[in-house]
Amino acid sequence: MGLFHEISKKPWLSDDGDDGDIDTINNPAAFFLPSGKVGLRVFLVVVTVVFTLVTIAYVDRMTFVNWRSVPEPWVLWLNTALLIGASLAFQWARASAGRGTLNAMRDGLHIGGVLTVGFLAGQLFVWRQLVDLGYYADANTANAFFYLVTALHGAHMLGGLVAWWRCVSKMWQDSPVGDLRLRVELCTTYWHYLLLIWLVLFGLLLIS
Amino acid sequence: MSEGLLDETQVIPPAELEEVDLYHAHSFWTKYVFSQDAKIIAIQYSGTAITIGLVGLVLSWLMRLQLGFPDTFSFIDADTYYQHVTMHGMIMVIYLLTALFLGGFGNYLIPLMVGARDMVFPYMNMLSYWVYLLAVLILTASFFVPGGPTGAGWTLYPPQAILEGTPGVEWGIILMLVSLVVFIIGFTMGGLNYVVTVLQSRSRGMTLMRMPLTVWGIFTATILALLAFPALFVAGVMMLLDRLIGTSFFMPEIIQGGELLSTTNGSPLLFQHLFWFFGHPEVYIVALPAFGVVSDIISVHARKNIFGYRMMVWAIVAIGGLSFVVWAHHMYVSGMNPYFGFFFATTTLIIAVPTALKMYNWVLTLWKGNIQLTIPMLFCVAFILTFLNGGITGLFLGNVAVDIPLSDTLFVVAHFHMVMGIAPVLVIFAAVYHWFPKMSGRMLNEGWGQFHFWITFIGSYLIYFPMHYLGFVGVPRRYFEIGETSFIPPSATTLNEFITIVVLIVGVAQIVFIINIIASIWTGKPAGDNPWNATTLEWQTATTPPGHGNFGDELPVTYRWAYAYSVPGVEDDFVPQNLAPGDVKRSDGGQ
């Protein structure tokens, strides 16, 4: 049922189709989804706002005369590949969970987590490289933005790894498959979304 | 068929939803300290918010002492004055009002009013409170560090906020920014709970359009906060980096004391945009829950359904949406393209339309109602008047040509405090007097309540009406002392003294309120389950105060909207939302 239909009801009239709507009365949930999925989607909206604002600030600052772009070390391409790999591994885990092949799900989860740790280590390596080359955060706003966006994205990935760790712990404790499946689905959605955000940020770094 | 009532032949089918697994605490610590019960969390939020709010109140006394009686108190100098101003503003707006409306009332009322056992993510809800407490402690710590808290002004504008010479630049500003970032993380945890609980966890029959307006207000305000706080988060992180590692996100090239600083080509205006992109919705993050609460309370105490429920819901949503396109009216004096000024002035005036609509609907709800002048009702009527006053001066300031001469005067302080200080605080008092009987099982003392109300209400007007005048005369805001200024008449000084004395009297009256709460917990008159004869679900719980899980063995089924008061043909003047159609007593003797 559409939101507009819902909020155009006249609850003070009992013959407005409101009271007689038995399905709605039985299950008034706005979405036929587990609460965890709805919660994650709302959270991703918040994450989107954070990165949108940073992106707007970044684009705004790019127009300033003394903007000197940060070089893109090749390791960033490797890191991007690692994150794509992690996302694919989570997708594999989700598909395996759906099929009930738990061993494959386990493998997918483990590979996804390891690749993500690799991505974060790679990002730290890039930071180290740039610092060695003299691209300090306080030297130019472009440098500062580079460190800011990668740190914010990395912090979100770290948060994801906490959720991943809880999921893996549950798996080791032989939790019910239904619960595990939901956790894997949530992790997968989160990883895909953070990959998308990284691709946008990386693209922004490349064009600037 | 009577309005708002189901036909008695209609039957609600059995539940098809599974009962939610509730977390059950097994020790004192998990039951009352690290509790996952939204009601306990609400009380924790409220207690912390009110405690830090009292600190903010004392800071306002100190500010007023300086303004009313300059050069009198040796413990107030220019630095401490600006620190008081800054901490008072931030504490009241963020750590008191936002936390109390959303963390306090949101946690207590949402599950009860929508018929849920608890929030959907109780563990995260608990974390939300503890992270909030951490934020408050970090902020409070800034009073005890070298240099004291920041004195940058509550808007924390760079570059001055992090430049040498500003009070608290050593540690205070760092702690303020860290505290804000931590607060936002904690709020996000809570906010996700409020939104998802409203969306997914309503009881059978509780359609969106049967929700009480309190829930609509808190729900919409939470969405606003989830979308607006990221701007403050981003601004806070960027300014922290500017302060800690010397980046120049917001720092332009600066010559200080003849010396060129290392900052380079940053944009202070960028901070202002980020701050006000959060800051203006913040007004409605506080106001929308207040709107909802007022709507419900006046309906209960006027024994009449809310006028224009659907319009009220739409107005809440419309105000929420519009609040994101008015932010730059706080920046007229910063300078902007005239077309932008025109745009933001226009949107500012447009947002007055749904707000005025709510105002009319409250008045029309009172019109010919069976008005009971209880304490909650008195506070609500006072709110309507006060918000009207503050709103109208907001229309003045929304216009560029009027705003620019008034922007740096006490007129803005008076407007802001009427609309965002006094008005929501009046609603908080109304809400406490209204829901305290449900939370404690006891009524608050009526006589003390009357005393509290009249002193607060009349006192507020004695404080802020003269302040508008002072602003018109040209008395500037933000000044530590005015000194000898030719265009300010001596009467302004007398008026400032008068305001300060009233502030102290009104402040002391709040102690009566606190004593009333504490004393009534033990000595208040027993309230029963539903002392106001209200229809909403929180008054229909099996026990008072409601136990863990809220509704005993079975969740309520909602049969109607929340405003079935004085329904024609029905014996009682209220019909609870969960009363089955067959159980409604008709005045003709039938059922």
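## Cavities and pocket

Five cavities of 30 Å³ or more are counted. The model is a predicted one, and its values are computed from the coordinates. The largest cavity holds about 60 Å³ of space. Its lining has 13 residues, and B:Met113, B:Asp296, B:Val300, B:Thr536 and B:Tyr565 lie nearest the centre. Two elements give two or more residues to this lining: α7 and α13 (410–440) of chain B.

The second largest pocket is an open space of about 1,900 Å³. It is lined by 46 residues, with A:Phe43, A:Gly159, A:Ala163, B:Met124 and B:Leu192 closest to its centre. Both chains take part. The top contributor is α6(A), with 12 residues.

The two spaces are set side by side here.

| Space | Volume | Lining residues |
|---|---|---|
| Largest cavity | about 60 Å³ | 13 residues |
| Second largest pocket | about 1,900 Å³ | 46 residues |

## The nonpolar core

The largest nonpolar core has 257 residues. Within it, B:Tyr95, B:Trp216 and B:Phe383 have the most contacts. Helix α3 (residues 78–114) of chain B gives the most to this core, namely 21 residues.

What does B:Phe383 touch, not counting residues up to four places away in sequence? Its partners are B:Ala290, B:Phe291, B:Val294, B:Trp362, B:Ala423, B:Leu426 and B:Val427. Two of these names come back below: B:Trp362 is among the buried residues of α10(B), and B:Ala423 is found in α13 of chain B.

## Helix α10 of chain B

Helix α10 of chain B covers residues 352–366. At 1.5 Å a residue, its 15 residues should span 21 Å; the end C-alpha atoms are 21 Å apart, so the two figures agree.

Which residues of α10(B) are buried? They are B:Pro354, B:Thr355, B:Lys358, B:Met359, B:Asn361, B:Trp362, B:Thr365 and B:Leu366. Viewed down the helix axis, these residues fall within an arc of 165 degrees, so they line one face of α10(B). An α-helix has 3.6 residues a turn, so residues three or four places apart point the same way. On the other side of α10(B), B:Val353 and B:Tyr360 are exposed.

The cover over the buried residues of α10(B) includes α7 (268–301), α8 (309–322), α9 (338–350) and α11 (375–398) of chain B. Just after α10(B), B:Lys368 takes a positive phi of about 60 degrees.

B:Ala423 sits in helix α13 of chain B. B:Ala423 counts as buried because its relative accessibility is 0%, against a cut-off of under 20%. Leaving aside neighbours within four places in sequence, B:Ala423 is in contact with B:Phe383, B:Thr386, B:Phe387, B:His417 and B:Met418. The C-alpha atom of B:Ala423 is separated by 39 Å from that of B:Lys585, 162 residues apart along the chain.

B:Asn516 lies in helix α15 (residues 490–523) of chain B. With 0% relative accessibility, B:Asn516 also counts as buried. B:Asn516 touches B:Tyr433, B:Leu444, B:Asn445, B:Trp448 and B:Gly449, not counting residues up to four places away in sequence.

Key. Residues numbered from 1 in each chain as written. Chains lettered and ligands numbered in written order. Predicted model: local features only at pLDDT ≥ 70, side-chain atom pairs only at ≥ 80, totals over all residues. Heavy atoms only, no water. Core = buried A, V, L, I, M, F, W, Y, C linked by side-chain atoms within 4.5 Å. Buried < 20%, exposed > 50% of the residue type's maximum accessible area, 1.4 Å probe, protein only. Helix = DSSP H or I, 4+ residues; strand = E, 2+ residues; numbered from the N terminus. Contact = heavy atoms within 4.5 Å. Expected span 1.5 Å × (residues − 1). Arc of directions from axis to C-beta. 1 Å grid on protein atoms, 1.4 Å probe; cavity = no way out; pocket = protein on both sides within 12 Å on 5 of 7 lines; lining within 4 Å. Points joined across faces, edges and corners; volume = space filled by probe spheres on them.
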